[in-house]
Amino acid sequence: MGLYISAAISGIAVGLLYGMIGFAIVMLYKSTGVANFAQGTLATLGAFVAWALVTDAGLPLLAAIPIALIASGMFGVIVYFVVIRPRASAGNLNITVRTLGLSLLLLAVMEWRWGALAPYRYPTIVQGDGIQIASVVLPAQTLLIAGVAAVIMVLLWALFRYTRAGLSFRALAEQPDTARLLGLRATRLSAATWGLSAILGTIVGVLLAPSAFLAPSMMESYLLFTFTGIVLGGLTSLPGALLGSVIVGIVSNVAIVAFSLEAGVLVVFAILLIVMAVRPQGLLGKQEAVRL
Amino acid sequence: MRIAFNRSAKLAGAGAAVALALALGACSGGSPGAGGETSGGAVAEVGVTADTIRLAASQTLSGPGAASCAPSTDAAQLYFDKVNDEGGVDGRKIDFEVLDDGYDPQRALANVRGFIDSKFAMVGACGSATAAAIYRTLSDAGMPFLFPTNGVAEVVKPASPGILQLLPLYEDQTASMVRYGFEEFGSGSIFVVVNPLGEYESAISRAREVAESGGGSFVDSAVAQLGTTDYTPIALQIKEADPDFVVMSMGGSDSAKFVNALVDQNALPRSAVLGTSASVAGSFLSSYNTAASDKVYFGSAIQLPPSAENECTQLLAGGDFANDPIALIGCASAQAIVEAIRQTPELTRANLLATIESWDEEDISPGIFAPVSFSATDHIGLKTLYVVQPQGTEFGVIAECPYSEDENADASCTPAG
């Protein structure tokens, strides 16, 4: 029993990580209606920028990270204007496919620039032994991830729930034409969302790289679990993204210690299929109402 | 008028037939593996001209295994470039083409089918699954497949014509490493963790057989896909099982993730972590937690650090792959291929294979590979497995073990130096 409890606790830790990746995807989806498949490569690119500032420019990590965050925010805005905005009326499916293409392009660029010597050992932001709960040790970096995930979730939830900007984001996603007629600056809002999404990605990349090792394909394995988590929790719900991701983490880790690693993946996707069949909007998502 | 037309048509038809016959004749003269003679008496072979020898590789250049694999063909390319800069092999330059297969057996097979009629030989690359997918096609075509990094027994046991590898199979390596661990620390319990590299079930079963026959016990095993995101659950299982040894056969990055999870969870075994040559990679060195150094012992196909006198050591020094064992293996394998070509009097595929099968204690890459021996029935060249430990950013040899496929052979290892 102790082993299962330990596996569940470690599952919460890894689930929080999946949830953090999911925040950026959910935020963009809530704001623009687009599922961004380039989120993983944007995160990795941001981590590589911070890495290059440390290794090439000789900056300390804590100085490199803010610069990388600013750079990635600007890059997110550029991505919006160059990749997303042209012929934006082509529809969400078209835009979603563009994000897939962007992901492949960024992956190729990173392989070309940094791929030969990857993976790289990435410096941790915090040092220390961490804490032990049951028989599982939660390293200091894992605790940092949990803390940052909580802070980001609260900030984003407050942004969408209480601020005028958040309301504008939601209006733009749900009724883009009406929102424009009401005078919302759609271009500016969408660009800001892409910038914020890229910044969130860089935060995730920098936090993940010490344990996953920095490489162009670092996020590939994580994205599968992340998308499962956010669909499970509800694509439009930030708390849902976190809840779904934590469930994925717990279920997969307990299944792994009970059966095998393959069973961990199988159980997660079985749950995903059941939820999509029974409750397509996810655990905390809202069912879309269509006015006839 | 009509008669004249028919005569013209017949003449045209006859001309076309002659042209077709000439064309077919020209084509058949260059058929794959023909090894026939040209009008000048010189032996003609696919991929060999008066001034060029065309070699190729299908390599994992994308996906989770790319970081570990790519340096081997990159380093081989460096060596071939060096040979070309020095005038080539008997005046012939080496043209080396590498295509990405993403560790996908079907892509590897497609790559190979494109090479058979235009390249002289395949240079081995990473990937047991890909090697297993392509070896029959290569063997049937008579195209040499020289020195793949392969863990699937059927590729080389029994010996397939044209398929020769240097590295011992992972199943034999896990067996050797368990023997070494028991010699050093006394017999005990083992927990085996593998990535699906080659026939991983046999790597587990051989480790189990050797442990049980050596007075130890088998606790459990786990199979993890390459690129697994979180090894914590397996580390927790090992912590609960509390074995004396953890035996692993995993890729470089995954080895580092796994060892780091063992350190994080205070789950390192009492005696040692014993691994195969799959872990001996730059991607392990760049990423592992050094707190585990004292307990980690890997089998290695090459001497580490390599001799400073070796051309490959000098070639890679100061470059991107200076400390990468995979790059050293790639470069030293290229050395072996060039040496085999040099020793082959009339360069045909059959003659090249005969040259390599005649090697007995051949020192193909002194200071990197131990001497290699092949025969018509034995297509695994190395008979020595080095035991190495990570020491900072390098591996260092601490023992040499005679490698043998014979389970009953004397497996006593000797300390290095």
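User: How do you know which stretch of chain B has pLDDT below 50?
Analyst: Look at pLDDT, the predictor's confidence in each residue, from 0 to 100. Chain B has a mean of 85, with 87% of its residues at 70 or more. Over residues 1-41 of chain B, though, the value is below 50, and that stretch has 16 contacts beyond near neighbours in sequence. A contact here means heavy atoms within 4.5 Å. Where pLDDT is low, the predicted coordinates should not be read in detail.

User: Why is B:Glu394 called partly exposed?
Analyst: Buried means under 20% relative accessible area, exposed over 50%, and partly exposed in between (1.4 Å probe, protein chains only). B:Glu394 has 34% relative accessibility, so it counts as partly exposed. The residue belongs to strand E12 (residues 394-402) of chain B; helices (H or I, at least four residues) and strands (E, at least two) are DSSP runs, numbered from the N terminus. Not counting residues up to four places away in sequence, B:Glu394 touches B:Leu285, B:Pro305, B:Asn323 and B:Gln389.

User: What makes a set of residues a nonpolar core?
Analyst: The set holds buried Ala, Val, Leu, Ile, Met, Phe, Trp, Tyr and Cys residues joined through side-chain atoms within 4.5 Å. The largest one has 82 residues, and B:Leu55, B:Phe147 and B:Phe258 have the most contacts inside it. Helix H12 (residues 325-343) of chain B gives the most to this core, with eleven residues.

User: Why does this core lie between domains 1 and 2 of chain B?
Analyst: Domain 1 (52-167 + 305-382) and domain 2 (170-300 + 385-415) of chain B both give residues to the core, so it lies between them. The bounds come from an automatic or database domain assignment. A second, separate core of 73 residues includes A:Met110, A:Trp194, A:Ala215 and A:Ile230.

User: Why do E2 and E5 of chain B stand at the edges of their sheet?
Analyst: Two strands pair if DSSP finds at least two bridges between them. The open sheet runs E2-E1-E3-E4-E5 (chain B), with parallel pairing. Strand E2 (93-100) and strand E5 (163-164) of chain B each have a single partner strand, so one side of each is left without a neighbour in the sheet. Strand E1 (residues 52-59) of chain B pairs with E2(B) over eight bridges, and B:Thr52 has B:Lys93 as its bridge partner in E2(B).

User: What makes strand E10 of chain B mostly covered?
Analyst: Five of the five residues in E10 (residues 296-300) of chain B are buried. B:Val296, B:Phe298 and B:Ser300 point one way, B:Tyr297 and B:Gly299 the other.

Note on methods
Residues are numbered from 1 along each chain as its sequence is written. Chains are lettered from A and ligands numbered from 1 in the order in which they are written. This is a predicted model: local features need pLDDT of at least 70, side-chain atom pairs count only at pLDDT 80 or more; totals for chains, interfaces and linings use all residues. Side-chain values use heavy atoms; hydrogens and water are left out.
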